[in-house]
Amino acid sequence: MTDKATITLTINGKDYAIAVEPRRTLADAIREDCGQTGTHIGCEHGVCGACTVIVDDAPVRSCLMFAVQAEGKNIRTVEGLANGDTLHPMQQAFMDNHGLQCGFCTPGFLMLAVGVLEREPNISDEDLIDVLSSNLCRCTGYQNIIKSVRAAAQEMRK
């Protein structure tokens, strides 16, 4: 099957009109068709969370969603977190608390944490650790990632 569907993806408030095969993943469309390469692709099975983006206010694994399913939805990627030169509190907290590690998993952690904290700003430490355990950091940097997200949570509540 090589027929392509013409769709429009709205990523970080900007529309991208693209033609994709129905089986194309959202992750591939975001990166290759829309040029937003901040979203990383790790395992391609939804296990690692490196490809996490926010779709209609919910964190999703973009490698498990077809691009055609995302048409008409608001997609936020790591490129959309900062406001100009001002980093999002989550980005700043990752820098301040050494949560960046090698950086490959960072966009997925940032989007997961932002999506969760926007929906549940007073999440308990236990639940936060449970949520963050769904993404993999191959540098084993969980201590600093958790510290970063907690710091950002305090800042986002202000």
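Mentor: Helices here are DSSP runs of H or I with at least four residues, strands are DSSP runs of E with at least two, and both are numbered from the N terminus. By that assignment, Thr-39 lies in the loop between helix 1 and strand 3. The model is predicted: local features need pLDDT of at least 70, side-chain atom pairs count only at pLDDT 80 or more, and totals for chains, interfaces and linings use all residues. Residues are numbered from 1 along each chain as its sequence is written, and side-chain values use heavy atoms, with hydrogens and water left out.

Trainee: Is Thr-39 buried or exposed?

Mentor: The classes rest on relative accessible area: buried means under 20%, exposed over 50%, and partly exposed in between, with a 1.4 Å probe and protein chains only. Thr-39 has a relative accessible area of 1%, so it is buried.

Trainee: With which residues is Thr-39 in contact, leaving aside its neighbours within four places in sequence?

Mentor: Contact means heavy atoms within 4.5 Å. With those neighbours set aside, the partners of Thr-39 are Ile-30, Arg-31, Cys-51, Val-53, Ser-62, Thr-77, Val-78 and Glu-79.

Trainee: Where is the place of Gly-49, and what does Gly-49 contact?

Mentor: Gly-49 is also found in the loop between helix 1 and strand 3. Its relative accessible area is 1%, which means that Gly-49 is buried. Apart from neighbours within four places in sequence, Gly-49 is in contact with Arg-61, Gly-108 and Asn-135. Ala-50 has its place in the loop between helix 1 and strand 3 as well, and at a relative accessible area of 3% Ala-50 is buried. Not counting residues up to four places away in sequence, Ala-50 touches His-40, Gly-42, Phe-104 and Gly-108.

Trainee: How should a positive phi be read?

Mentor: Most residues other than glycine have a negative phi. Gly-35, which follows helix 1, has a positive phi near 70°. Glu-44 is not a glycine, yet its phi is positive, at about 60°. Glu-44 sits in the loop between helix 1 and strand 3, and with a relative accessible area of 52% Glu-44 is exposed. Gln-101 has a positive phi near 50° and is likewise other than glycine. The loop between helix 2 and helix 3 holds Gln-101, which is partly exposed at a relative accessible area of 33%.

Trainee: How many residues of helix 3 are buried?

Mentor: Of its 14 residues, 12 are buried, and helix 3 is thus mostly covered. Among them are Thr-106, Pro-107, Gly-108, Phe-109 and Leu-110. The buried residues of helix 3 pack against strand 3 (52–55), strand 4 (58–61), strand 5 (74–76), helix 2 (89–96), helix 4 (125–132) and helix 5.

Trainee: What span should the residues of helix 3 have?

Mentor: The expected span of a helix is 1.5 Å times one less than its number of residues. The 14 residues of helix 3 should therefore span 20 Å, and its end C-alpha atoms are 20 Å apart, which agrees.

Trainee: At what angle do helix 3 and helix 5 pack?

Mentor: Two packed helices are described by the angle between their axes and the distance between the axes. Axes are lines fitted to C-alpha atoms, for helices over the stretch in contact, and angles run from 0 to 180 degrees between N-to-C directions. Helix 3 (residues 106–119) and helix 5 (residues 142–157) pack at about 40°, with axes 11 Å apart. That angle makes helix 3 oblique to helix 5; angles under 35 degrees count as roughly parallel, over 145 as roughly antiparallel, 65 to 115 as roughly perpendicular and the rest as oblique.

Trainee: Which residues make that contact?

Mentor: Helix 3 contributes Phe-109, Ala-113, Val-114, Leu-117 and Glu-118, and helix 5 contributes Tyr-142, Ile-145, Val-149, Ala-153 and Met-156. By class, the contact of helix 3 with helix 5 has 9 nonpolar, no polar and 1 charged residues. Ala, Val, Leu, Ile, Met, Phe, Trp, Tyr, Cys and Pro count as nonpolar, Asp, Glu, Lys and Arg as charged, and the others, Gly among them, as polar.

Trainee: How do helix 2 and helix 3 cross?

Mentor: Their axes come within 10 Å and cross at roughly 130°. Helix 2 is therefore oblique to helix 3. Met-90, Gln-91 and Phe-94 of helix 2 meet Thr-106, Phe-109, Leu-110, Ala-113, Val-114 and Leu-117 of helix 3. The residues of this contact divide into 7 nonpolar, 2 polar and no charged.
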